[in-house]
Amino acid sequence: MASVSGRPLLWSFDASIYAEISESLRFGIQDDDVSRVVQLALDGSWDAADPKVFAYGGVAALEVRWREIGTLWSAELTKHGLQAFHMVAAMNFRDEFRSFKGHLSIQERIIERDALLNRLVDVAAATGFRAFGNAADVRLLTTEKTKAGKKKQLFQGAVKYALEQMPADCILALICDREQDAAGQCLQWTENLRQQHAEHAQRIFGVCFVDSAKVAAVQIADMYVYLLREDTERGIFRPSEPRNPLYLKMLGEDAHMWAKDITAEAFDDEVR
């Protein structure tokens, strides 16, 4: 398979990996379509206590590859007594991370946590995922109308970016955390996108809301969007600070474009 920086490209297909496809995950797709299913896990991120930036985005990879790494992802978490992953919990040592390495000093806990985050990104990278997202300064969201409009733009932008970067014959499945308070809006935004862009209408075959605690792809999206928001805040309010190496690691080959413009309206790289 072709690769970029050691990662298999999400549009490079190997027929052998589709030999066994679970019936429960077909969702009515014909047998010859299964190899073309790309899952885009989406999530949003903002700091309710100190809102500066709202970010929306996700990670996309072949459906079968998400399932391949699910066990590895869970195994890495289980080693540390974790049943699921949420980035905000990891960064603040709360919820599932409350007792993470609790016998160590805070400095040692941070070192151990950061090491775990890097291992999780390594596991996720085996899917050949690509990250898509956008963010907005909350000062632009001055009214409920502008908030709704900007959130819709960010959501649709992430989906549209993914569609434009995928081969034209790929089918896109959207996956979101079912606990999102914007579930109804996500459905409306998706339908609106299909109506506004006829060339993509038949390529989005469904939106699925799942329990994020059981789906690695959504947990990976949660990590990425948190880091996207953090990096956008840095770029706006603390531009002299260095970028988070973990964020750049998740972006992989895409890091150069975000370095040029953290709120880019479109990706400028070429499909290779």
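Over the ring of which residue does the charged end of R109 sit? I looked at this in the predicted model. The ring belongs to F93, and the charged end of R109 is 4.2 Å from its centre.

I then checked R229. Its charged end sits over the ring of Y226, 4.9 Å from the centre.

**Aromatic pairs**

I found eight aromatic pairs in the structure. I looked up Y56 with F155: this pair is edge-to-face, with 5.4 Å centre to centre and 80° between the planes. The two residues are 99 apart in the chain, so I noted where each one lies: Y56 is in strand β4 (residues 53-62) and F155 is in helix α4 (residues 144-165), and the pair links distant parts of the chain.

I checked burial next. Y56 has a relative accessible area of 2%, so it counts as buried, the cut-off being under 20%. F155 is buried too, at 0%.

**Helix α5**

W189 took me to α5, where I found it buried along with C186, T190, N192 and L193. Seen down the helix axis, the buried residues of α5 fall within an arc of 165°, so they line one face. I recalled that an α-helix has 3.6 residues a turn, so residues three or four places apart point the same way. On the face of α5 turned away from the buried side, I noted the exposed residues Q188 and Q195.

Last, I checked the length. Helix α5 (residues 183-196) has 14 residues, which at 1.5 Å a residue should span 20 Å. Its end C-alpha atoms are 20 Å apart, which agrees.

Methods: Residues are numbered from 1 along each chain as its sequence is written. This is a predicted model: local features need pLDDT of at least 70, side-chain atom pairs count only at pLDDT 80 or more; totals for chains, interfaces and linings use all residues. Side-chain values use heavy atoms; hydrogens and water are left out. Helices (H or I, at least four residues) and strands (E, at least two) are DSSP runs, numbered from the N terminus. The expected span of a helix is 1.5 Å times one less than its number of residues. Buried means under 20% relative accessible area, exposed over 50%, partly exposed in between (1.4 Å probe, protein chains only). The arc is that of the directions from the helix axis to the C-beta atoms. Rings of Phe, Tyr and Trp (its six-membered ring) pair if their centres lie within 6.5 Å; planes under 30 degrees apart count as stacked, over 60 as edge-to-face and the rest as tilted. A charge sits over a ring if NZ of Lys or CZ of Arg is within 6 Å of the ring centre and within 35 degrees of the ring normal.
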